[in-house]
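Please take a moment with the sequence and the model below before reading on.

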Amino acid sequence: MKAVILLSGGLDSSTVLYQAKADGCECYAISFDYKQRHRRELESARAIALSAAVKAHQIVNFDLTLWGGSALTDDEMELPIDRTLGEMSQNIPITYVPARNTIFLSFALAYAETLEADRIYIGVNALDYSGYPDCRLDYIQAMQEVFRLGTKQGREGNAINIITPLIELKKTEIIQLGNKLGVPWEHTWSCYAGGENACGVCDSCRLRLAAFEELRLKDPVAYA
């Protein structure tokens, strides 16, 4: 099987790439430089792609800072910091990038169809406290129908399947799966701030640190 894997370099997407390998797929990774605040993650994406010995790794460039709308694409919007898990779960946060997964999946679909791939893997997670609307099962189901209706491959009865191994896992369970698969956590990057070291206080860092702490494991990534 050929598979395109959306790879940010983060904890979730890295686990998904290693899961695709374990599933026996020939892996083609795709990452995105959309001028995000945390472009540092692309260094990790390259490192993870190399460690997983993917068949190819594409980095697609475009600029979502043209219209902003998110703390990840607009420097004038402040990142939320030091929030509790309860506070994170109350509303869709300002780190939500409008239509980001739809954009990402569209690029991945175009790439996958040129490869005559069978699958696209994406590390969305419906149980994550961030509550992003484009990480939920009903969204993935709708996009699967788009894949079927909007491609030659789909209309000919061979639709590319969206695979979401993490969608119903807790962050601790994702780490446990990654440990089983041999994901090199030291090469991953989750921080939204994009500094030399992970900030430790943004929502993504706090979710990650809380999960490692709950498992009584040390996160090997350096924190400020």
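The paragraphs that follow go from the sheet to the cavity and then to a pair of aromatic rings.

This is a predicted model, in which local features need pLDDT of at least 70 and side-chain atom pairs count only at pLDDT 80 or more, while totals for chains, interfaces and linings use all residues. Residues are numbered from 1 along each chain as its sequence is written, and side-chain values use heavy atoms, with hydrogens and water left out.

Five strands form an open sheet in the order E3-E2-E1-E4-E5, with parallel pairing; strands (E, at least two residues) and helices (H or I, at least four) are DSSP runs numbered from the N terminus, and two strands pair if DSSP finds at least two bridges between them. At the edges lie strand E3 (56-61) and strand E5 (161-163), each of which pairs on one side only. On average, neighbouring strands of this sheet are turned by 25 degrees against each other, direction ignored. Strand E1 (residues 2-6) runs parallel to strand E4 (residues 119-121) and is joined to it by three bridges, with Ala3 standing opposite Arg119 in E4.

A search of the whole structure finds one cavity of 30 Å³ or more, where a cavity is a set of points on a 1 Å grid over the protein atoms alone at which a 1.4 Å probe fits but cannot get out, and lining residues have an atom within 4 Å of a point. The largest cavity holds about 700 Å³ of space, and of the 35 residues that line it, Ser8, Asp12, Arg100, Gly123 and Tyr192 are the closest to its centre. Helix H8 gives the largest share of this lining, four residues.

Nine aromatic pairs occur in the structure, a pair being rings of Phe, Tyr and Trp (its six-membered ring) with centres within 6.5 Å, counted as stacked with planes under 30 degrees apart, edge-to-face over 60 and tilted for the rest. The rings of Tyr34 and Phe62 are stacked, because their centres are 6.3 Å apart and their planes are at 20 degrees. Since Tyr34 lies in the loop between E2 and H2 and Phe62 in the loop between E3 and helix H3 (85-88), the pair ties together parts that are 28 residues apart in sequence.

Terms used:
On a 1 Å grid over the protein atoms alone, a cavity is a set of points where a 1.4 Å probe fits but cannot get out, and a pocket is an open set with protein on both sides within 12 Å along at least five of seven lines; lining residues have an atom within 4 Å of a point. Grid points are joined across faces, edges and corners, and a volume is the space filled by probe spheres set on the points. Axes are lines fitted to C-alpha atoms, for helices over the stretch in contact, and angles run from 0 to 180 degrees between N-to-C directions.
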